[in-house]
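Take a look at the sequence and the fold, then read on for a tour by topic.

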Amino acid sequence: MEKIDMEVDDFFSYCDYKGLATKTIRSYDQTLKLFLQYLKDECNIKNSNQVMESHIKNYIANVNNFKNYTRIKINKIIEICLFALFFTEMYCKILPTFF
């Protein structure tokens with residue numbers, strides 16, 4: 001298990017602590033699995049500290065080009081940013097560039 005996998009587990013523990021609905025957590029889980037697979041396979045990312053703004057932008061911009069990826073929706077972008085925000089506020093400054 002990579003460090004980033006443990007960090008995702010921490011994120012979901014935080015979601016449970018905050019009392020988020022099961023449906024919301026499942027949605028986050030689905031979105032983050034795809035995003036983490038991209039980070040690991042395409043960017044060789046092993047922990048959240050390695051994730052850069054460009055990784056998020058490239059993922060969102062190119063999501064339609066990846067096998068088995070569906071068109072990403074605004075709520076999925078927000079979910080990815082929420083995960084990133086859990087670790088640092090830096091990443092969510094890119095959100096307005098997609099609206």
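A word on terms before the tour: buried means under 20% relative accessible area, exposed means over 50%, and partly exposed covers what lies in between. Asp5 comes in at 18% relative accessibility, so Asp5 counts as buried. Keep in mind that this is a predicted model.

**The overall picture**

- The protein chain has 4 helices and 0 strands.
- Read from the N terminus on, its elements go α-α-α-α.
- Out of 99 residues in the protein chain, 37% count as buried.
- Take the contacts in the protein chain with a separation of 6 or more: 59% of them are between residues 24 or more positions apart.
- The protein chain has an accessible surface of about 6,300 Å², and carbon and sulfur atoms account for 51% of that.

**The nonpolar core**

- As background, nonpolar side chains in soluble globular proteins tend to be buried together.
- The largest nonpolar core here has 22 residues, and the ones touching the most other members are Phe11, Phe12, Phe35, Leu39 and Ile56.
- Two or more residues of this core come from each of α1 (3–17), α2 (22–43), α3 (53–62) and α4 (74–87).
- Leaving out residues up to four places away in sequence, Phe35 touches Ile56, Tyr59 and Ile80.

**One face of α3**

- Helix α3 has His55, Ile56, Tyr59 and Ile60 as buried residues.
- If you look down the axis of α3, its buried residues fall within an arc of 125°, so they line one face of the helix.

**Aromatic rings**

- Searching the whole structure turns up 4 aromatic pairs.
- One of them joins Tyr38 and Tyr59, a tilted pair with 5.1 Å from centre to centre and 45° between the planes.
- Tyr38 sits in helix α2 and Tyr59 in helix α3, so this pair ties together parts that are 21 residues apart in sequence.
- Both Tyr38 and Tyr59 are buried.

**Salt bridges**

- In general, side chains of opposite charge can pair when their charged atoms come close.
- The whole structure contains 5 salt bridges, and three of them get a closer look below.
- Asp5 and Lys40 form a salt bridge, with the closest N and O atoms 2.7 Å apart. This pair links distant parts of the chain, since Asp5 belongs to helix α1 and Lys40 to helix α2, 35 residues apart. Lys40 is partly exposed, with a relative accessible area of 27%.
- Glu7 and Lys3 meet through their side chains in another salt bridge, at 3.2 Å from N to O. Both of these residues lie in helix α1, 4 residues apart, which is about one turn of the helix. Residues three or four places apart in an α-helix point the same way, because there are 3.6 residues a turn. Glu7 is buried at a relative accessible area of 7%, whereas Lys3 is partly exposed at 42%.
- Lys46 forms a salt bridge with Glu2, and the closest N and O atoms are 4.0 Å apart. Lys46 is in the loop between α2 and α3 and Glu2 is in the segment before α1, so the pair ties together parts that are 44 residues apart in sequence. Are the two partners buried or partly exposed? Lys46 counts as partly exposed at 37% relative accessibility, and Glu2 is partly exposed with a relative accessible area of 30%.

- Asn44 lies in the loop between α2 and α3. Its phi is near 55°, a positive value in a residue other than glycine.
- Tyr14 is in helix α1, and Tyr14 is partly exposed with a relative accessible area of 38%. Tyr14 and Phe86 are 72 residues apart in sequence, with their C-alpha atoms 8.9 Å apart in space.

Definitions and conventions. Residues are numbered from 1 along each chain as its sequence is written. This is a predicted model: local features need pLDDT of at least 70, side-chain atom pairs count only at pLDDT 80 or more; totals for chains, interfaces and linings use all residues. Side-chain values use heavy atoms; hydrogens and water are left out. A nonpolar core is a set of buried Ala, Val, Leu, Ile, Met, Phe, Trp, Tyr and Cys residues joined through side-chain atoms within 4.5 Å. Buried means under 20% relative accessible area, exposed over 50%, partly exposed in between (1.4 Å probe, protein chains only). Contact means heavy atoms within 4.5 Å. The arc is that of the directions from the helix axis to the C-beta atoms. Rings of Phe, Tyr and Trp (its six-membered ring) pair if their centres lie within 6.5 Å; planes under 30 degrees apart count as stacked, over 60 as edge-to-face and the rest as tilted. Accessible areas come from the Shrake-Rupley method with a 1.4 Å probe; for residues, only the protein chains shown count as cover.
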